[in-house]
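The report below describes selected parts of one structure in words. Please read it with the sequence and the model side by side.

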Amino acid sequence: MSDQIRLRIQELTTQINKYSHEYYVLDNPTVPDAEYDRLFRELLTLEEQHPEYTDPHSPTQRVGGEPLAEFEQVTHKVPMLSLDNVFDDGEFNDFVSRMRSRVSLAVEDAIEYTCETKLDGLATSIYYIDGKFTQAATRGDGIVGENITAQVKTIPNVPLTLTGDYPRILEVRGEIVMPLNGFNAYNENMKKTGGKELVNPRNGAAGSVRQLDPRKTAERPLAFYAYSLGECERLQVPMPESHFERLQELKRWGIPVSNEVKKVVGTQAVLDYYQDILSRRAQLTHEIDGVVIKVNDINAQQRLGFASRVPRWAIAYKFPAQEELTVLEGVDFQVGRTSAITPVARLKPVFVGGVTVSNCTLHNQDEIERLGIKIGDTVVILRSGDVVPKIKSVVLERRPENARDIVFPTHCPVCSSPTERPEGEAILRCTGRLICDAQVRETIKDFAARKRMNIDGLGDKLVDALHASGALKDVSDIYTLQSRDISSLEGQGEKSAEKLLKAIEKSKATTLDKFIYSLCIREVGESTARDFAQTFRTLEAFQSATFEQLFDVPNVGKVVSQYVLDFFADEANMALVQRLLDAGINWPEIKEVSADEQPLLGKTYVLTGSFNTISRNEIKALLIGLGAKVSGSISAKSDALVAGEKAGSKLAKADSLGVPVKDEDAIVAELKGFGAI
């Protein structure tokens, strides 16, 4: 048993040192932080239980990676140590209990803490002598770092000269980060110019600072935020005995400190701070992976001291992992209404980003080849906030010998029709069209959706059941359904049938743009359908439009124009449209409007955040009524971003692109000015 433990410690030491080198030195991690943390905690536990097997080169005895050979080395006068981590309230309470026992504090004695966001960037030390910027260095291994003075000097918010009553010698410690708006703008520019995009803000920050040519660092959007002091020599006035007040001193001297730093009293206040930051994580301007909690009293910090590589008076409370490892167990192929055959990864269930993920899309063959992924591979799953989970990368060193290639089907998995990959497309498609049950079912579901024909009660499961029973062969059959077709199904009754039939009847009164959208023509979305309706004003004019007439519609390209032509050139589609009209679907006549009635014609607005005096949907409807296009994504061509509370990343992107931003008061005033409200 002892041999097994010794070998496991050696194995973990080797593995973690490799991952640490990739993360700290190469800025190219191959496993997520959560996996690194798990292995590190396992090693720490084994070493505590069996100290005789601890390797002097164990990662538990050091902080980060070795300094790069290309940079001059700097020895830290005061070691730059790391922090221990906790991952739930119980572990945080254990940390507090250990502190209390060391300084003989009773449970009822409240402890004052300074709480900060755990910025995800590059830990850095900056020296000021007589108020002048003198030297900057990375943390390195905690004892020796890299001299990055010339690079840090280019960061805009790093003061080169301090103000006020600053110390003669001051070492400031903090994090160099890449703000999210700068990261997004930089990658957007790289896409346009064909340059190399950055993987994530953390690696972007570290890689930017490690540019040997400071001019290249200066091209990157970077910022520095201080979180502590190292060496400090202040002759006249002693430094405050509070960590929070020391940070306020730094701000008075002109050194940037995060606005999220807060002083709180008691354990519950710390947990409330954690939950508040976690709830606002997606709206912050920087990437963070948790919060840092420090005992505020400097004297108490000194009494608590250090345990090898970490202070006993501070802890990092990490957020739930946004990246995790799991295994690709298989690939299923799903057929959508547009005939696209999408590979879907079957994953060993893993908890990531607050949910359990068991599958995610692999998009297409190009994406599979880009990832170099095989069935049986260990993969990194990314799920950030409410974003759909995706496979970020493959951990090649864990590939099993029996890993299998992902083979795309030559025939549709639903109708057995041959598959094809049209020239210039990345998507594999089923050629079965109207004989493919999967495409028919998905078309019916989309047709009945709220933003299309809005048939309340006709959900996915009921569509599947009605289709299986033979009552729904295509969308026109919705309008010939009888009560017995519905009530005879399991879980349905006469009342359910009556309610659904009323919703179907109600749906017949619609608008031309919703009807066009409901036809599910490829690439014709909600706003494009609206543009077609406003341009042609009748279904007959739209159906008979030429390629040139379609292409002349604002925001419509050649591809969409061709898809519309192809749709109406198909006799089966024309017959289907006629059956829907014969069923009684109708809409009011669209009258031609003057420029005075649509003063925002040609303008594109984007909405984000929440509003108090008027709902987001109301604002959207009023803007559309004034002729504006309301888009879901921000771009340099957008005329304005309407930002409510908790606006998030769109606000940052608008700032980076120079798009005007209107708050709730401004948009309400504008709408009132046009007489819309």
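## Selected local features

S258 lies in the loop between α8 (243-252) and β9 (262-265), where helices (H or I, at least four residues) and strands (E, at least two) are DSSP runs, numbered from the N terminus. This is a predicted model, in which local features need pLDDT of at least 70 and side-chain atom pairs count only at pLDDT 80 or more, while totals for chains, interfaces and linings use all residues. Residues are numbered from 1 along each chain as its sequence is written, and side-chain values use heavy atoms, with hydrogens and water left out.

S258 counts as buried because its relative accessibility is 15%; buried means under 20% relative accessible area, exposed over 50%, and partly exposed in between (1.4 Å probe, protein chains only). The side chain of S258 reaches the backbone nitrogen of E260 at 3.1 Å. Leaving aside neighbours within four places in sequence, S258 is in contact (heavy atoms within 4.5 Å) with T117 and Y225.

Helix α6 (residues 201-209) is largely enclosed by the rest of the structure, because 9 of its 9 residues are buried; among them are P201, R202, N203 and V209. At the start of α6, a side-chain oxygen of N200 comes to within 3.2 Å of the backbone nitrogen of R202.

Elsewhere, 4 strands form an open sheet in the order β22-β21-β23-β24, with parallel pairing, where two strands pair if DSSP finds at least two bridges between them. The edge strands, each pairing on one side only, are β22 (629-631) and β24 (661-662). Strand β21 (residues 604-608) runs parallel to strand β23 (residues 640-643) and is joined to it by 4 bridges, and the bridge partner of T608 in β23 is A643. Two helices pack on this sheet, as tabulated here.

| Helix | Strands touched | Angle between directions |
|---|---|---|
| α22 (residues 616-625) | β21 and β22 | about 175 degrees with β21 |
| α23 (residues 649-657) | β21, β23 and β24 | about 150 degrees with β23 |

Axes are lines fitted to C-alpha atoms, for helices over the stretch in contact, and angles run from 0 to 180 degrees between N-to-C directions.

The axes of helix α3 (residues 89-103) and helix α9 (residues 267-279) come within 11 Å and cross at roughly 140 degrees. At this contact, D89, F92, N93 and V96 of α3 meet T267, V270 and L271 of α9.

Conventions. Polar contact = N/O pair within 3.5 Å; in protein donor to acceptor, adjacent residues only side chain to side chain.
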